[in-house]
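Trainee: I would like to learn how to read a few features of this structure with some care. Could we go through them one at a time?

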Amino acid sequence: MKKLNKNFNLLADDYLFAKVSAAVEKYKADFPQSDIISLGVGDATQPLVGKVIKACNDAAFEMSTDKFFRGYGPYDGYPFLKQAIVDYYKRRGVVIDIDDVFVTDGAKNGVGNLLDIFDSDVSVMIPDPVYPAYVDANVMAGHKIVYVEGNRGNGFLPMPSKKIKADLIYICSPNNPTGAAYTVDQLKEWVKFALDTDAIIIYDAAYEAFAEEKNIARSIYQVNGARDCAIEICSLSKIAGFTGVRCGWTVIPGGNLTNVNRMWYKRQSIKSNGTGYIVQRMAEAALKGGYDEVVKSLGVYKSNAKLITDKFKKLGMEFTGGVNSPYIWFYTGVDSWEFFDYLLKKAKIVCTPGSGFGKNCNGWIRITAFNTPARTAEAIKRFEMFWKDFIEVRGSIFKPLKK
Ligand code: PLP
């Protein structure tokens, strides 16, 4: 069928997480009694909080009544949720306008679908390593991709360089998979660069709620000038456990980007009928009345992350993340997939091979804080014993990687 989009042939054969799950399933089939702990997933594990569930039940009840039943909602989201999002920003000192906000069914929607409003010949700058959907969405669209390298030298936080330019610039902070997070000062440089080169930044803030340290950015709009060059994408997936509920938002400020804002409205109205009313009421509760509960629930992941990083420090390991992020990214000195197999076999722990996230990441591993405190504690106990043994045998059974 020659009419199919030939760019699909350029996509990597196997999605990273599908490959990880196939390897785990095979291991489980071979060793059905093993007690496997997953530190591999980037998915919420804490249940939805009480006020969100109440909002869900209340909204479902409304839908059962003649008086309050609702059909299609506004393409860009109900004003009650858009206002809750505006207020959420305001609480961290960031001013956005209600018309800047578009409710979506999650950040992935923004990451991929935003490309509809740009020309087919745009060039795109993507950090490496990063969340794989940026590359895949742009490969599907046939865009020219240039990479900016994150590495141990720059703490996995690449900065702009005059040598590499593009029409669109993706930034993910706090970053998946490395957990590294830009400071507001570092983002100033990116905003200046975007303004100087007439580029648009697509800023993915899906993990902003994990930012703990004061100087770490929670939004690109903390930087003056960002309203003129940056689109921000965010999500309740990791903030409030909405990975299975599906709700996020895209911010495209008026002003310099008004025509981009209007084109996105048009795109959404043509290709989407928005996000469900019940889900939007749940999202409103997560950001308003239920926010204290949400913060408490997030605290579970944060303390898991601390448990992991405290142990990694004690073991003298090289790692990033875990402080402003649920992700911890560590170096092993051996092939990432070989380490994955060895960790699964010896400690029954699932991790994600870093080589799946970027070109120069062999040797690195991502683990996550998404698990219960008890399972995380058990994993860390096993990991400590595993790592001590691994360090002893590494030179004799693994081929070393060049640093
Ligand atoms: N952006 C990043 C950096 C992610 O890691 C993820 C999911 O893991 C997403 C976006 C997608 O989030 P959502 O569930 O809101 O679609």
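Mentor: Let us begin with the polar contact, which is a pair of N or O atoms within 3.5 Å; within protein, one must be able to donate a hydrogen and the other to accept it, and residues adjacent in sequence count only if both atoms are side-chain atoms. In this case, a polar atom of the Ser272 side chain lies 2.9 Å from the backbone nitrogen of Gly274. The model is a predicted one, in which local features need pLDDT of at least 70 and side-chain atom pairs count only at pLDDT 80 or more, while totals for chains, interfaces and linings use all residues. Residues are numbered from 1 along each chain as its sequence is written, and side-chain values use heavy atoms, with hydrogens and water left out.

Trainee: Where does Ser272 lie, and which residues is Ser272 in contact with, leaving aside its neighbours within four places in sequence?

Mentor: Helices (H or I, at least four residues) and strands (E, at least two) are DSSP runs, numbered from the N terminus. Ser272 is placed in the loop between α8 (258-271) and α9 (277-287). Contact means heavy atoms within 4.5 Å, and, with those sequence neighbours set aside, Ser272 is in contact with Tyr75 and Arg267.

Trainee: How many residues surround the ligand, and which elements give two or more residues to the shell around the ligand?

Mentor: A residue counts as near a molecule if one of its heavy atoms lies within 4 Å of it. Here 14 residues surround the ligand, the closest being Ala107, Asp204, Tyr207, Ser235 and Ser237. Among the polar pairs, a polar side-chain atom of Ser235 lies 2.6 Å from a ligand oxygen, while an N or O atom in the side chain of Arg246 is 2.7 Å from an oxygen atom of the ligand. As for the elements, those that give two or more residues to the shell are α4 (107-113) and α7 (237-240).

Trainee: What should I look for in the backbone geometry?

Mentor: Most residues other than glycine have a negative phi, and most peptide bonds are trans. In this structure, the bond from Ser173 to Pro174 is cis, with omega near -10°, and another cis peptide bond, with omega about 20°, joins Asn176 and Pro177. Pro174 is in the loop between β5 (168-172) and α6 (184-197), and Pro177 also lies in the loop between β5 and α6. The side chain of Asn176 has an N or O atom 2.8 Å from an oxygen atom of the ligand. Phe156, although not a glycine, has a positive phi of about 60°, and Phe156 lies in the loop between β4 (144-149) and β5.
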